Amino acid sequence: QVQLVESGGGLVQAGGSLRLSCAASGRTFSVYAMGWFRQAPGKERESVAANNWIGGNIYYADSVKGRFTISRDNAKNTLYLQMNSLKPEDTAVYYCAAAETSNYYDTPMSVEEYDYWGQGTQVTVSS
């Protein structure tokens, strides 16, 4: 198993930036595909970005392409999400998640494919 703890959320004005981090502990971090998800009040949890074991095969939701960047440092057991040009509609609780995949190149994109979740960190973007 792997334990995940997010940090870096907060309140920011529209157009600002935040960097989320997800620290992993437990089983070897480098054998999990990793993803960022978010859930706004009254809405379903949605995928934001994801990458595979080695940080490749990157997926971004259309709504964040060109503004968000996912990355990982396997030596530090940490996943990142750099969020730039934030918009009020980015307001949500952001979760990181880990997926056990049989191949290093797979990047799961749906909520159902992920096995472990962090507790979430709130991101609020004011207009």
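Cys22 is buried, with a relative accessible area of 0% (buried means under 20% relative accessible area, exposed over 50% and partly exposed in between, with a 1.4 Å probe and protein chains only). The model is predicted, so local features need pLDDT of at least 70 and side-chain atom pairs count only at pLDDT 80 or more, while totals for chains, interfaces and linings use all residues. Residues are numbered from 1 along each chain as its sequence is written, and side-chain values use heavy atoms, with hydrogens and water left out.

**Disulfide**

- The whole structure contains 1 disulfide, the term being used for a pair of cysteine sulfur atoms within 2.5 Å.
- Cys22 and Cys96 are the two partners, with an S to S distance of 2.0 Å.
- Because Cys22 belongs to strand S3 and Cys96 to strand S9, the pair ties together parts that are 74 residues apart in sequence; strands (E, at least two residues) and helices (H or I, at least four) are DSSP runs numbered from the N terminus.
- The S-S torsion of Cys22 and Cys96 is about 50°, so the disulfide is right-handed.
- Cys96 also counts as buried, at 0% relative accessibility.

**Nonpolar cores**

- The largest nonpolar core has 30 residues, and those with the most contacts inside it are Leu4, Trp36, Leu81, Met83 and Tyr94.
- At least two residues of this core come from each of strands S1 (2–7), S3 (18–26), S4 (32–39), S5 (46–51), S7 (68–73), S8 (78–83), S9 (92–100) and S11 (121–126).
- Apart from this core lies another, of 6 residues, among them Ala33, Phe37, Ala97 and Ala99.
- A nonpolar core is here a set of buried Ala, Val, Leu, Ile, Met, Phe, Trp, Tyr and Cys residues joined through side-chain atoms within 4.5 Å.

**Contacts of two residues**

- Leaving aside neighbours within four places in sequence, Leu4 is in contact (heavy atoms within 4.5 Å) with residues including Cys22, Met34, Cys96, Tyr116 and Trp117.
- Ser21 lies in strand S3 and counts as buried at 19% relative accessibility.
- Not counting residues up to four places away in sequence, Ser21 touches Val5, Glu6, Ser7, Trp36, Thr78, Leu79 and Tyr80.

**Aromatic pairs**

- The whole structure has 6 aromatic pairs; rings of Phe, Tyr and Trp (its six-membered ring) pair if their centres lie within 6.5 Å, and planes under 30 degrees apart count as stacked, over 60 as edge-to-face and the rest as tilted.
- The ring centres of Phe37 and Tyr114 are 5.0 Å apart and their planes stand at 75°, so this pair is edge-to-face.
- Phe37 in strand S4 and Tyr114 in the loop between S9 and strand S10 (116–117) are 77 residues apart, and their pair links distant parts of the chain.
- Phe37 is buried at 1% relative accessibility, and Tyr114 is buried at 5%.
- Tyr95 and Trp117 form an edge-to-face pair, 6.5 Å centre to centre with 80° between the planes.
- Since Tyr95 is in strand S9 and Trp117 in strand S10, their pair ties together parts that are 22 residues apart in sequence.
- Tyr95 counts as buried at 13% relative accessibility, whereas Trp117 is partly exposed at 26%.
- Phe37, Tyr95, Tyr114 and Trp117 form one aromatic cluster.

**Charges over rings**

- The charged end of Arg19 sits over the ring of Tyr80, 4.0 Å from its centre.
- The charged end of Arg45 sits over the ring of Trp117, 4.8 Å from its centre.
- A charge sits over a ring if NZ of Lys or CZ of Arg is within 6 Å of the ring centre and within 35 degrees of the ring normal.
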